[in-house]
Every structure is written in C-alpha cells, then in structure tokens.
Amino acid sequence: MRILVGAPRAAGQGAQQGTRPGALFRCPITPEEYDCERVDIDGDVSLDRESKDNQWLGVTVKSQGIGGKVVTCAHLYELRQRVSQPSETRDPIGRCYVLSEDLTERDDLDGGEWKFCEGRPQGHEQFGFCQQGLSVSFTPDNNYILFGAPGTYNWKGEMRVQLINQSLLDLGFYDDGPYEVADQRQLNARLIPLPYHSYLGFSVDSAMGIMSLGELTFVAGAPRANHTGAVVLLRKDNVYRLVPQHIFWGEELASSFGYSVATTDLNRDGWTDLIVGAPNFFDRKAEIGGAVYVYLNPFGHWDDQARPIRLNGTYDSMFGMTVSSIGDLDQDGYGDIAVGAPFDGDGKVFIYRGSDAGIETKPAQVLDGRDFDVRRFGYSISGGLDVDKNQYPDLAVGSLNDSVVLFRSRPVIHVVRDLSIEPQNIDLEQRNCQGRDGVW
Ligand SMILES: [Ca+2]
Ligand SMILES: [Ca+2]
Ligand SMILES: [Ca+2]
C-alpha cells in the first residue's frame with residue numbers, strides 16, 4: 001500500500017523544465033523519509049494552446065481505495081488561444097486526471113480528459129474560469145465522481161456529477177447524467193440558487209442518509225455566498241440537473257462558511273450529520289479565529305433544524321480550513337472527525353469523537369506539527385483508511401512543508417496499576433544498605 005500525495009507547487013521536469021506544474025507522488029509506507037516517487041503523468045505540454053505553469057497539479061487527490069480509481073486535479077490548468085498575439089486569451093478551466101489503481105491509464109475513463117469546460121463558451125461569465133478540480137470526490141458507492149468548479153458563471157460556481165463506474169456502464173445498469181446544478185444540457189446559471197461570486201463547489205461531498213435514508217445527497221460549499229458563505233444540499237433529478245434541497249447560511253460576514261465540508265454519522269442514529277468549516281470566522285473579544293459547525297441531522301427535516309454546535313479555534317489559526325470524516329477512530333460505533341488549523345502555531349489537527357449528544361466538544365487528541373518539525377501542519381487531512389490492517393482507521397496529515405505525517409491508530413489499553421511493596425513497612429533502623437557506594 002502507498003500514500004498518494006499532491007505537491008501542487010512542484011517544479012516541472014523534461015518538457016516542463018523551468019515551470020511549476022505541480023505533481024503527484026506515491027509514497028511507500030516505510031520508516032524511510034525520502035522514498036516518495038513522482039507519478040509519471042501530465043509530462044508534455046502544447047504551448048500553442050495550453051499552459052501548465054502554476055496549474056497546481058495535485059491540489060486535490062482522492063482514491064476509491066483498494067482496487068479503485070484515483071483522481072487528481074490541476075484547477076488552474078489554462079487553455080490559450082492566439083498565443084503571443086495581442087488578442088491572446090487565457091482560460092483557467094482546470095482539469096482532472098483519473099488513473100487506475102496502479103496509477104497508469106488502463107481504460108477509457110483514465111487520463112486527463114476530465115475537463116468539462118473545454119469546448120464551452122469561454123470568458124469569465126461563462127466557462128473560461130471554471131477552475132475544475134479545486135475540489136473533487138467520489139460517491140460512497142463509487143459510481144459517480146464529483147467535481148467542484150467554483151469559477152464557473154462569474155464565480156457563481158458549479159458542481160458536476162458524472163458516472164465513473166465502467167463495469168456497470170458496460171452492463172447498462174447506469175447510463176445517467178452528467179448532472180450540473182445549472183443543468184448539463186440547458187447551462188442555465190439562473191438555476192444556481194446563489195449570487196455571483198459565491199464560489200459554489202469550493203468543497204464537495206456526498207452521502208446517503210442526509211435528506212432521506214435511501215437517497216444519495218450531494219453537498220457543495222460556497223464560501224463567498226452572500227458574504228457569509230453557504231452550503232447547498234442537492235439531489236440528482238431524472239435528467240441532467242442537480243436540484244437544490246436546502247441551503248445552510250453562515251452566521252458571520254466573511255467567515256468563509258463552506259470552505260470545507262464533511263459528512264458522517266456522529267451520534268449513531270443512522271442519519272448522516274454535516275460538518276462545515278468556516279476558517280475565517282472571527283471574534284476579537286473571545287479571541288476566536290476559525291470555527292466548525294456541526295449540524296446533527298433532524299431525520300432529514302432540515303427546515304426544522306436545531307442550532308448547530310460550534311467548535312472554535314484560536315485567533316488567526318484558520319481552524320476549519322480542513323474538516324475530515326476519519327471513520328470511527330476508536331471503534332465505539334460513533335463517527336469521528338478531524339479539524340485542521342494550519343496556522344495554530346506550526347499547525348494543529350484536532351480530533352473530535354462523535355457521541356450520543358452529537359460530538360464531544362473537547363478534542364480527544366490534538367496533533368501538533370511542532371512535535372514532528374512540520375510547519376503549516378493540517379493543511380490537508382485524509383482519513384478513514386486502515387493502512388496497517390489492525391481494524392482501526394488511520395490518518396494522514398499534510399502540510400505546506402514537503403511533509404506528510406501518517407498516524408496509525410491503535411487500541412488504547414487502560415492499565416490499572418496495582419502496586420504492592422514488600423516489606424509493607426520499612427524498618428529505618430535496619431542498615432542493610434550500609435557499605436554500598438553513595439549510601440550512608
Ligand atoms: Ca446522525
Ligand atoms: Ca468513534
Ligand atoms: Ca490501522
């Protein structure tokens with residue numbers, strides 16, 4: 001097993017020497033510190049029609065797990081027209097690569113042709129600034145892939161959901177979609193229930209049990225919507241559209257509510273709960289910087305929602321820049337989450353345990369980048385996968401410091417100490433230590 005790591009600022013090689021296209025690395029799980037290898041993708045460039053310099057390849061990396069697909073994106077990949085002429089245009093549409101488990105291109109789904117804004121009307125008011133792949137995700141059943149494209153339609157943003165299951169596709173079970181909020185056929189931006197500059201698709205996720213128990217619901221963050229930020233729940237309609245079901249609004253101006261989202265069942269009631277990061281939340285008096293909102297699912301009736309539980313970070317910490325469902329870390333049946341605060345000192349990751357009440361608001365554990373000599377620790381978090389097969393899910397934490405730290409969880413055994421002393425009483429008159437060095 002290997003850990004995949006995106007390095008979006010990595011320098012180019014070969015034809016891309018002297019530029020910064022970014023890269024994807026694979027790292028074996030060994031005690032060795034420097035044995036990561038660059039994955040051989042996206043090596044060539046056609047400068048007459050595209051630019052990969054500063055395209056941020058590796059900005060997102062997701063895996064379906066063992067035997068499944070891998071996706072990585074470059075949200076600033078640029079299409080160019082009329083290069084070196086006064087009328088040259090540059091359109092950062094973004095692009096994603098899908099790879100098979102061995103990180104090569106094996107079937108029709110694999111490769112870098114995942115760029116849905118190519119061939120559509122360009123310009124910032126249409127599809128010229130899609131920035132596809134700033135967020136990306138697979139559905140839990142692995143049948144669909146989700147792309148966030150927050151620059152689409154004058155930064156209204158967009159989410160696209162597309163089939164990825166080749167085997168089922170061949171069998172004809174699935175031939176639906178692709179789906180977009182603005183309708184994949186109509187391309188009608190008015191169907192997106194948010195104003196311009198909302199950045200819908202900055203974060204994306206999906207889960208069963210959000211709106212109803214048997215239905216898949218999509219989640220898209222829009223951290224600039226109405227200046228407070230928003231998170232939209234959507235479902236597929238029968239044709240090409242993702243239909244909004246509910247909108248959560250942030251509570252504070254410029255808090256970037258929806259910068260990150262995660263889903264898990266925290267209180268073990270069978271309904272999936274929602275976790276939303278607002279890393280720019282700010283309260284000077286209380287010295288809070290960054291917040292995470294936990295919405296316990298009111299049995300799918302989100303309109304009657306109770307107030308969320310708010311977890312607070314320290315001043316200027318960017319607490320909530322990443323939130324991640326990390327599985328059931330302690331195997332007590334309640335889902336657990338991790339929250340990154342990359343500017344809290346050298347960066348910290350807070351682990352919270354789900355409980356009957358929803359969540360224990362005091363972190364069960366705080367991982368501190370200082371302990372590993374890693375700065376901006378917690379910039380990314382990936383959890384839920386058991387790398388050492390001890391049944392406990394493990395956690396990888398990224399940084400802006402060329403480092404990833406893997407935490408392997410293990411059962412904690414509470415030892416009850418029973419200390420007995422022989423003899424029970426010490427006879428101060430008995431000088432049996434006499435004669436030994438240092439004893440008088
Ligand atoms: Ca729940
Ligand atoms: Ca748990
Ligand atoms: Ca494990």
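Reader: Which residues is Val292 in contact with, leaving aside its neighbours within four places in sequence?

Author: Val292 is in contact with Ile275, Val276, Gly277, Leu311, Phe319, Gly320, Val323 and Val339, where contact requires C-beta atoms, placed from the backbone, to lie within 7 Å. This is a predicted model, in which local features need pLDDT of at least 70 and side-chain atom pairs count only at pLDDT 80 or more, while totals for chains, interfaces and linings use all residues. Residues are numbered from 1 along each chain as its sequence is written, and chains are lettered from A and ligands numbered from 1 in the order in which they are written.

Reader: How do you know what confidence the chain has, and where does pLDDT stay under 50?

Author: On the pLDDT scale, the predictor's confidence in each residue from 0 to 100, the chain has a mean of 91, and 92% of its residues reach 70 or more. Over residues 432-440, however, pLDDT stays under 50, and the model has one contact there beyond four places in sequence.

Reader: Which members of the largest nonpolar core touch the most other members?

Author: They are Met159, Val276, Val292 and Val339, in a core of 108 residues. Such a core joins buried Ala, Val, Leu, Ile, Met, Phe, Trp, Tyr and Cys residues through C-beta atoms within 7 Å.

Reader: Why is strand S24 called largely enclosed by the rest of the structure?

Author: A residue is buried if 20 or more other C-beta atoms, placed from the backbone, lie within 10 Å of its own, exposed if 12 or fewer, and partly exposed in between. Six of the six residues of S24 (residues 336-341) are buried, so the strand is largely enclosed. Asp336, Ala338 and Gly340 point one way, whereas Ile337, Val339 and Ala341 point the other way.

Reader: What makes S24 a partner of S23 and of S25?

Author: Strands, which are DSSP runs of E with at least two residues, numbered from the N terminus, pair if DSSP finds at least two bridges between them. Four bridges join S23 (residues 322-325) to S24, and six join S24 to S25 (residues 348-355), so both pairs meet that limit, and both are antiparallel. Within S24, Ala338 is the bridge partner of Ser324 and also stands opposite Ile351 in S25.

Reader: How do you know whether the radius of gyration agrees with a compact globule?

Author: The radius is taken over C-alpha atoms, and the globule rule is 2.2 Å times the number of residues to the power 0.38. For 440 residues a compact globule would have a value near 22 Å, and because the chain has 25 Å, the two agree.

Technical notes
Two residues are in contact if their C-beta atoms, placed from the backbone, lie within 7 Å.
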